[in-house]
Amino acid sequence: MNEQLFKKLEQSYDDMVEIRRYLHMNPEVSFKEEKTAAYIADFYKQLHIDVRTGVGGNGVVARVKGSKPGKTVAMRADFDALPIQDQKDTPYASKVPGVMHACGHDGHTATLLQLAKAMNEMRDELAGEYVFIHQHAEELAPGGAIAMIEDGCLDGVDVIFGTHLWSLYDTGIIYYAAGPVMAAADRFSITVQGAGGHGASPHQTKDAVAIGSQLVMNLQQIVSRRVDPIESAVLSVGSFVADNAFNVIADQAVLSGTVRTFTSENRDLMEREIKRVAEGTAIATDCQIEVEYFRGYPAVVNHEKETEFLQSVAETIPGLNGVEKMEPQMGGEDFAYYLEKVPGTFFFTGARPTDAFPHHHPRFDIDEKAMIAAAKTLGAAAIEYQK
């Protein structure tokens, strides 16, 4: 049965590329993906596949039932883009100023649509039910997964599989790992309120720039001196704003950044220590410092049994360039919420193009042949899970 599926997927490659490039040229940012959602829904309607729209917002969920009883297997693809100007010199570059698919979500969507089409054509030979979850707003917390789950996208689901096309991994290789594979992604904003004044009279001020700079250095010691060195955590200050004339000492500075962790203990530790360091710095500099901490997605934690199953299935698929254990990534993903509800695993599919750029880069692109590897692996896992 897998051979039949693989042949259908290989024959659909040109259509897969066409869909991916159409979406790439017409991106929509998180929570505003109305046209993309309509495009996905229309694809299913034309195939007379049962589809539900408006799931948790802009989400779309399609279901294909086999002719035999069995388990219910879900597969997920995200479809939102990013507020980044596309700088690629390709015929399919984004036509929307300031918006582009810089993370492969267009490829995820094209992969899942063609997989659903192929499995629908095979439904008389399949057992169980297959749920194709097209999720909006992965890029922007609180994300689309929570709302889609609350709206029933996982109702009756026994297991879920997902993949991420990865531009910096070799094309056609499936990367897997049990346990934490992507980090919890939190953000913070810190406002330093000093006392401004003339640049020539610093003794009459409380310099928010100097205090903020001191705070940045103090924050860097949290990971190096408070987190167990055997474990991992990241604290990055990405923005430091204190806009003033050249001869004015700033009365206020605003710092913002991100925190990445894998365990709930370290997540709590980082939040607590950031607030403690800010409080201590405020006392030492006799100023006011306010911390706002925003929790984003939890860590993506793959289930061991399902991950081992995915690995064993992938190793039997012809045409892949390998199956390798991956190292955890510090990027965040709201696929984490699905794994908190049902067993499953999230794997990476290598998609390195000739000129490879990291995700969220203005010249990001993928090797489109990776979509076939991803579709074969998702489809084979879904079918084999019925046995």
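Colleague: In which loop is D286 found?

Modeller: Helices (H or I, at least four residues) and strands (E, at least two) are DSSP runs, numbered from the N terminus. In that numbering, D286 is found in the loop between α7 (264-285) and β13 (288-294).

Colleague: What kind of model is this, and which pLDDT do local features need?

Modeller: Residues are numbered from 1 along each chain as its sequence is written, and side-chain values use heavy atoms, with hydrogens and water left out. This is a predicted model: totals for chains, interfaces and linings use all residues, side-chain atom pairs count only at pLDDT 80 or more, and local features need pLDDT of at least 70.

Colleague: How many helices and strands does the protein chain have, and what is its radius of gyration?

Modeller: The secondary structure comes to 10 helices and 16 strands. The radius of gyration is taken over C-alpha atoms, and the globule rule is 2.2 Å times the number of residues to the power 0.38. For 387 residues the rule gives 21 Å, and the value for the protein chain is close to it, so the chain is as compact as a globular protein of that length, with a radius of gyration of 23 Å.

Colleague: What share of the residues is buried?

Modeller: Buried means under 20% relative accessible area, exposed over 50%, and partly exposed in between (1.4 Å probe, protein chains only). Among the 387 residues of the protein chain, the buried share is 55%.

Colleague: What share of the contacts in the protein chain with a separation of 6 or more comes from residues 24 or more positions apart?

Modeller: Contact means heavy atoms within 4.5 Å. Among contacts in the protein chain with a separation of 6 or more, residues 24 or more positions apart account for 82%.

Colleague: How far apart are the centres of the positive and negative side chains?

Modeller: Lys and Arg count as positive and Asp and Glu as negative, while His and the chain ends are not counted. Each charge is placed at NZ of Lys, CZ of Arg, CG of Asp or CD of Glu. The protein chain has 35 positive and 54 negative side chains, and the centres of the two sets are separated by 2 Å.

Colleague: Is L5 buried or exposed?

Modeller: L5 lies in helix α1 (residues 2-11). Beyond its neighbours within four places in sequence, L5 is in contact with L115, A118, M119, M122, G379, A380 and I383. Its relative accessibility is 0%, so L5 counts as buried.

Colleague: How far apart are the C-alpha atoms of V55 and C153?

Modeller: V55 is in strand β1 and is buried, with a relative accessible area of 0%. Not counting residues up to four places away in sequence, V55 touches V61, H136, M148, D151 and C153. Although V55 and C153 are 98 residues apart along the chain, their C-alpha atoms are separated by 7.4 Å.

Colleague: Is E150 buried or exposed?

Modeller: E150 is in helix α5, and its C-alpha atom is 9.0 Å from that of V55, 95 residues away in sequence. Its relative accessibility is 68%, so E150 counts as exposed.

Colleague: What is phi of H48 near?

Modeller: Most residues other than glycine have a negative phi, and most peptide bonds are trans. H48 is found in the loop between α3 (34-46) and β1 (50-55) and is exposed, with a relative accessible area of 75%. Its phi is positive in a residue other than glycine, near 60 degrees.

Colleague: Is the peptide bond from A141 to P142 cis or trans?

Modeller: P142 is found in the loop between β4 (127-135) and α5 (145-150). With omega near 10 degrees, the bond from A141 to P142 is cis.
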